[in-house]
Amino acid sequence: MSELTLAVPSKGRLEELTRDWFAQNGLTIFRPGGPRSYLGALDGHPEVTVRFFPAGEIARELIRGTIDLGVTGTDLIHETAETGPQSVDFAKPLGFGAADVVVAVPSSWIDVTHMHDLADVASDFRSRHGRWLRVATKYITITRQHFARAGIAEYRIVESLGATEAAPASGVADIIVDITSTGSTLTANALRILEDGVMLKSQANLIVSRTANWTPDRQAQRDRLLAKLNASIKL
Amino acid sequence: MPADPYFDLAGEEFGRRLMLTTATTGQEYCLRPEYTLPIVTDYISNGVGQPAAFAYFGPIFRQRQDGPAEFEQAGLELLAQPDGDVALDQVLTFARAALDLYAVSVPNIRLGGVGLFETLLVQLDMPDPWRPRIRHRFGHTEALERLLVRLAAAPNLERTPQPGYDALLTEITEQMVDAGISLSQGRTPDEIAARYLEQQALDAEHVPAATLALLRDYLAISGPALQALTRIEQLAHQHGLDLATPLRALRRHLNELGNSSEVSFDASFSPRLDYYTGVVFEVLGRGGQALVSGGQYDRLLERLGATAPIAASGCAIWVDRLEAECAP
């Protein structure tokens, strides 16, 4: 029997909100083994296997096509692979997990308010300081794409997997690209978002893989499920 | 080979094409993505000064959307040649010979004038600090366009009175100390205050509308090389600009290329790397992809550690694309 795999976040607030959202749409997600288990089911849909994954892995597996549907953030799809957005369909924004991927500079950089200021500062940074402007971020793909579009070429990325907002104070980097929902962490760290520094508006989405093996049977199952969730994809 | 020099020279945009791996020591390595950097680095470490010529042919590795990550590239590097223009002619001859070898009979050759643009920019009527900002965006059509739009709109912006340098310096220093940011390891309070004031002054010091119009006219020039160069001569004459030297160099290379009907000149064409100088070129295939690309890059050796600018020119040939081009 053909089957659909739906991956949902395995822990924390995202897991709760995802299960709430499905419940509001009349579909209960069961997790019979409790929070330690990684396998679940969807009430009334025996053809659907639910898997509990970390959000980052959901993005990766959707892009690869090893899972069919999943709930994860827009940012992770854009970050995981350059071809990420082409490899999936965003079937429905879920209205939670909203956050922006932004460029933030030290508040003391009063001369830098826009990306074009950053382009100017980056262009002679090397001759002034003997090194390139350093950008701390875990969003390497998104940063490269957006900086290229802004005409900023002279910088180096310093990969930062946690507490990115501390990078300018610790001297690891000059500026940061990070995700923020309220901006309060940035403000607390004396960082300021550039006026045109929002690179990506992200939120939790129900996402359909385009690279999965969509046989006619599985397509029919998928479309029935999406219809129930008031979601749709462009084919 | 170590990946760091490539990031240092060409930045993240090139870096994302590298095939990376990490050694057990944590050091990052890449599969060789091109030949110019290793050749030039080796040349510098052996003591610069003597004219040298290198040719290469072998596999390189890059991530690309289409085609395998391993493919062959060939090319030429002419370093510290006594006459940079003669050297470029040799590069062009070499490129032509490679095209003949693959029977690419009607090549589409595109020339760009980095030196020409720099000569023009120096002579334009505008506040000096705008020149490097414009130069920096040359070759990135969208970024340059955004700057020109901003410059055109600048006279209509409202302005508030600004604090003086000392007040700014105090304010910035306080902010940096509060935030725990080093006053010396990155941008300094002095640098920020100076650029802030320069920015304010710049916003008040407009680039004349006539200059912006001239820049736009110039950048829009694109077409058969002889006509394009004639058009630039007219523009120079009309505005009293002296572009004779770079134009002469371009005409000379055009002659060397022989059949000039295949050669176009695009005034806005430039690689996005700031070590290019003089004349740049590329040969495009039927699908618009580069078969050969090259030019003069007199600032490259300095960037890689040489103590003075050294004439350099060369080109890289995309062998797999040439093979595809001549396939029936």
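A salt bridge here is a side-chain nitrogen of Lys or Arg within 4 Å of a carboxyl oxygen of Asp or Glu. What you see is a predicted model, in which local features need pLDDT of at least 70 and side-chain atom pairs count only at pLDDT 80 or more, while totals for chains, interfaces and linings use all residues. Residues are numbered from 1 along each chain as its sequence is written, chains are lettered from A and ligands numbered from 1 in the order in which they are written, and side-chain values use heavy atoms, leaving out hydrogens and water.

Begin with Arg187(B) and Asp111(A), whose side chains form a salt bridge at 2.8 Å, N to O. This pair crosses between chains: Arg187(B) sits in the loop between helix H7 (165-179) and helix H8 (189-204) of chain B, and Asp111(A) in the loop between strand S7 (99-106) and H5 of chain A. Helices (H or I, at least four residues) and strands (E, at least two) are DSSP runs, numbered from the N terminus. Both Arg187(B) and Asp111(A) are buried, where buried means under 20% relative accessible area, exposed over 50%, and partly exposed in between (1.4 Å probe, protein chains only).

Now step back to the whole interface. The contact (heavy atoms within 4.5 Å) takes 35 residues from chain A and 37 residues from chain B. About 3,200 Å² is buried between chain A and chain B, with carbon and sulfur atoms giving 46% of that area; buried area is the accessible area (1.4 Å probe) that two parts lose on being put together, summed over both. Ile110(A), Arg144(A) and Arg156(A) supply 20% of the area that chain A buries against chain B, more than any other three residues. Arg144(A) also forms a salt bridge with Glu12(B), with the closest N and O atoms 2.9 Å apart. In total, twelve salt bridges are found across the interface of chain A and chain B. On the chain A side, helix H5 (115-129), helix H6 (140-149), strand S9 (155-159) and helix H7 (167-170) each supply at least two residues that touch chain B. H5(A) gives the most to this side, with ten residues.

Moving into chain B, you will find 13 helices and ten strands. Of its 328 residues, 47% count as buried. Asp89(B) and Arg252(B) meet in a salt bridge through their side chains (2.9 Å, N to O). That pair links distant parts of the chain, with Asp89(B) in helix H3 (residues 84-101) and Arg252(B) in helix H11 (residues 244-256), 163 residues apart. Asp89(B) is buried because its relative accessible area is 6%, whereas Arg252(B), at 34%, is partly exposed.

Arg19(A) and Glu15(A) form a salt bridge, their closest N and O atoms being 2.7 Å apart. The two are four residues apart in helix H1 (residues 12-24) of chain A, so about one helical turn separates them. Arg19(A) counts as partly exposed because its relative accessibility is 26%, while Glu15(A) has 12% and therefore counts as buried. Over all chains, a search of the whole structure finds 38 salt bridges.
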